[in-house]
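Keep the viewer open as you read.

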Amino acid sequence: MDTANNPNVVEKYQEDSGKRQLSGFWFVVVRSAAVAMAIFHLYTAVTGPVNTQNAVHLLFAMPLIFLAYHCRVRDAQKIPWFDIVPILMSVVISGYYVYHFDRIIYQLGYLTPTALDLVLGVSAILLLLEACRRAIGLAFPILVLIALAYAAFGQHLPGVWGHGGFRWDDLVATFYLGPTGIFGSLMRTSSTVIVIFIMFGALLVTTGGGDTFMRLSTAATGGMAGGPAKAATLCSAMFGSISGSTAANVATTGVFTIPLMKKNGYSPRFAAATEASASTGGQILPPIMGAAAFVMADVISTSYLEIISAALIPALLFYLAIWMSVHFEAKRLGLNPLPKSQRPSLREGFFNVETLLLPLIVLITMLVLRYTPTTAAVAAYFTALLLYLASPRSSGTLWERVKSLPAALEAGAMTAAMIAVIIGSVALIAAVISLTGLGLKVSSLIVMVSGGDVLITLLLAMVVAIILGMGLPTVAAYMLAASVVAAAFIEAGLPSLSAHLFILYFAILSGVTPPVALAAYIGGAIAGSHWFRTALTATKISLGGFLIPFMFIYHPPLLGQGTKLEIGMAVASGVLGIIALAASTIGYFARPCSWLERGLLLFAALMLINGQAITDVVGIAVIVGIFAWQRFATHTPKGATPLASEPPKETHS
């Protein structure tokens with residue numbers, strides 16, 4: 001069945017993701033609870049967090065998940081009686097932690113946990129796993145259960161994989177009440193930093209940011225060859241950085257960009273793959289980077305500003321790779337720019353853009369001035385709010401704008417609630433890995449297999465990160481991969497920041513890598529193309545993203561580390577390498593490429609990875625030579641049949 005241009009695709013995605021379609025009384029309950037959560041976090045962001053912030057955060061989040069996500073499809077339109085139990089129990093387990101906060105913090109290290117501590121601890125773990133299952137599916141809770149089983153029974157395993165064993169009551173107390181457990185430091189990051197940025201992004205999107213992004217992107221690129229695909233790249237980059245979800249990005253922007261690309265002449269598969277790739281990259285694009293940057297800052301104990309500064313050049317190179325892929329594909333297909341009648345003018349594109357740009361300027365300026373991320377996000381949030389309400393160019397009357405605010409608060413709170421239960425589940429895995437030393441064992445295995453060779457270590461870590469990240473949201477994918485393989489990087493002598501950025505890249509790229517590839521699945525549903533073929537094409541378009549982490553590991557100036565001359569030279573070689581890789585992938589440079597030319601372009605791109613003078617000279621010489629040959633030779637090379645060539649139409653069942 002062809003689902004192209006189907007307006008119900010986003011709704012179908014929401015249904016498949018487990019969201020209830022509530023109305024009436026329960027709709028009011030969910031919105032009221034979500035708005036209350038949002039207001040609480042805005043208040044504490046302004047006045048300062050309370051001691052029990054983590055527990056209150058989860059006290060809001062878990063009941064919201066049980067209210068908003070169904071247990072099974074047939075109860076998607078209502079809240080059955082049996083869901084009242086986990087809702088109430090979620091309140092109890094967090095409320096108990098709040099009530100006993102002083103005893104837990106000051107006495108737990110010296111006192112044996114009570115029977116009630118243990119009962120509620122087991123309940124907390126089970127409820128958290130069920131909330132996680134409803135929000136993101138079964139795969140991740142199964143991983144958590146495997147980790148818990150390893151902690152409980154791993155002493156029976158032979159060899160290095162076994163551990164000394166733990167008492168079950170100590171495990172439960174650690175997971176429920178300990179500083180590394182559910183309410184530990186990771187939840188602190190979620191409750192004080194991530195939630196505010198998520199609410200900021202939700203405000204921008206709910207108040208018309210998506211339309212503004214699309215209009216501005218189309219105005220800027222519509223006059224270029226392959227303009228709609230370039231517009232999709234820009235729009236998805238801007239939207240993806242603030243949305244916090246690759247899947248939501250594809251479902252939201254893809255409904256507009258994919259039909260436009262198909263109308264311009266791109267195949268359904270390529271259009272869907274472009275949207276999936278561009279949406280995936282939003283999670284690595286500063287200044288917000290979804291939510292993973294804040295978790296990374298907590299994990300490696302560095303500043304958020306340092307992370308986004310290091311991530312900027314690689315992220316721009318990633319989008320250059322997508323841009324050049326769609327450009328070469330447009331040239332290969334002979335696509336024309338959009339007619340003027342079908343694209344907004346630049347003046348129309350910039351209409352009301354200040355409601356998006358000024359808050360981002362406030363955010364970045366305050367981060368540069370060394371304000372905390374929370375303070376900067378709060379300032380940006382209220383700047384965006386005032387501009388939306390006060391600007392005469394905002395849509396609707398003032399009263400209509402005010403009435404739209406609860407929806408923005410609800411959207412931010414629901415996303416923050418989902419991230420909270422994911423982080424709580426990730427904390428369980430992180431606690432197991434810390435207690436049992438599993439991460440060190442896996443890392444030692446990687447180092448042993450690699451023999452200390454940095455390249456082999458990187459390749460093995462890449463495979464592990466992609467496998468562990470498949471089907472998982474960004475935060476969960478990054479944390480799981482980092483917990484398992486980060487120690488291998490440290491043992492190999494790599495800097496902590498570049499190592500964790502390497503892990504983040506491949507955890508995110510699992511969203512377009514078969515066999516799971518959630519972003520490609522949603523994009524394919526919108527475009528009417530086969531999801532697996534879409535995933536393969538998205539992997540080719542994103543190939544630069546697979547190369548860039550190796551580039552900044554071998555050449556730290558790409559992370560902004562070094563003199564201006566070193567950084568400039570690193571960027572120049574990186575740009576040339578990315579262009580060569582895109583040309584090799586698509587099969588077009590100055591004109592269609594033969595297989596030999598494509599192989600040489602791939603060789604040149606690989607030569608430009610490590611930033612050494614001799615390899616750079618070789619790579620640049622090959623690129624210049626092929627360009628000159630194609631530009632000035634008069635004959636058409638034999639075998640110039642691009643790998644990316646596709647029939648103009650395709651069907652699937």
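**Charges on the inside**

D83 and R134 are both buried, where buried means under 20% relative accessible area, exposed means over 50% and partly exposed is in between, using a 1.4 Å probe and protein chains only. Before going further, some ground rules: this is a predicted model, so local features need pLDDT of at least 70, side-chain atom pairs count only at pLDDT 80 or more, and totals for chains, interfaces and linings use all residues. Residues are numbered from 1 along each chain as its sequence is written, and side-chain values use heavy atoms, with hydrogens and water left out.

Back to that pair. The side chains of D83 and R134 form a salt bridge at 2.7 Å, N to O; the term stands for a side-chain nitrogen of Lys or Arg within 4 Å of a carboxyl oxygen of Asp or Glu. D83 sits in the loop between α3 and α4 and R134 in helix α6 (residues 115-136), so this bridge ties together parts that are 51 residues apart in sequence. Helices here are DSSP runs (H or I, at least four residues), numbered from the N terminus, and strands would be E runs of at least two.

D83 has another partner: R20, at 2.4 Å, N to O. That link also joins distant parts of the chain, since R20 is in the loop between α1 (9-16) and α2 (24-47), D83 is in the loop between α3 (53-68) and α4 (84-99), and the two are 63 residues apart. How buried are these two? R20 has a relative accessible area of 5%, and D83 comes in at 1%.

D117 pairs with R103, with the closest N and O atoms 2.8 Å apart. D117 belongs to helix α6 and R103 to helix α5 (residues 101-107), 14 residues apart. At 2% relative accessibility, D117 counts as buried. Zoom out, and bridges with shared partners join R20, D83, E130, R133 and R134 into one network. The structure as a whole holds eight salt bridges.

**A charge without a bridge**

Now jump to R401, in helix α18 (residues 398-436). R401 is buried yet has no salt bridge, and the nearest side chain of opposite charge, E400, is 6.9 Å away. For this count, Lys and Arg are positive and Asp and Glu negative, while His and the chain ends are not counted. What lies 3.0 Å from a polar atom of the R401 side chain? The backbone oxygen of S391 does. Leaving aside neighbours within four places in sequence, R401 is in contact (heavy atoms within 4.5 Å) with Y388, L389, A390, S391, P392, S394, S395 and G396.

**Empty space**

Rolling a probe the size of a water molecule over the atoms shows where empty space is left. On a 1 Å grid over the protein atoms alone, a cavity is a set of points where a 1.4 Å probe fits but cannot get out, and a pocket is an open set with protein on both sides within 12 Å along at least five of seven lines; lining residues have an atom within 4 Å of a point. Grid points are joined across faces, edges and corners, and a volume is the space filled by probe spheres set on the points.

The whole structure has two cavities of 30 Å³ or more. The largest cavity has a volume of about 40 Å³, and its lining is made of T280, G281, I284, F318, Y505, I508 and L509. Helices α12 (268-281) and α22 (496-509) are the elements that give two or more residues to this lining, and α22 gives the most, with three residues.

The second largest pocket holds about 470 Å³ of space. It is lined by 21 residues, of which A430, I433, S434, M479 and S483 lie nearest its centre. Two or more residues come from each of α9 (185-221), α13 (292-299), α18, α19 (438-450) and α21 (474-491); the largest share, six residues, is from α21.

**Two last stops**

In helix α24 (residues 531-541), the buried residues are T534, A535, T537, A538, T539 and I541. Their cover includes α12, α14 (304-333), α23 (518-527) and α25 (543-554).

Finally, S301 has a positive phi of about 55° although it is not a glycine. S301 is found in the loop between α13 and α14 and is exposed, with a relative accessible area of 66%.

Note on methods: A polar contact is a pair of N or O atoms within 3.5 Å; within protein, one must be able to donate a hydrogen and the other to accept it, and residues adjacent in sequence count only if both atoms are side-chain atoms.
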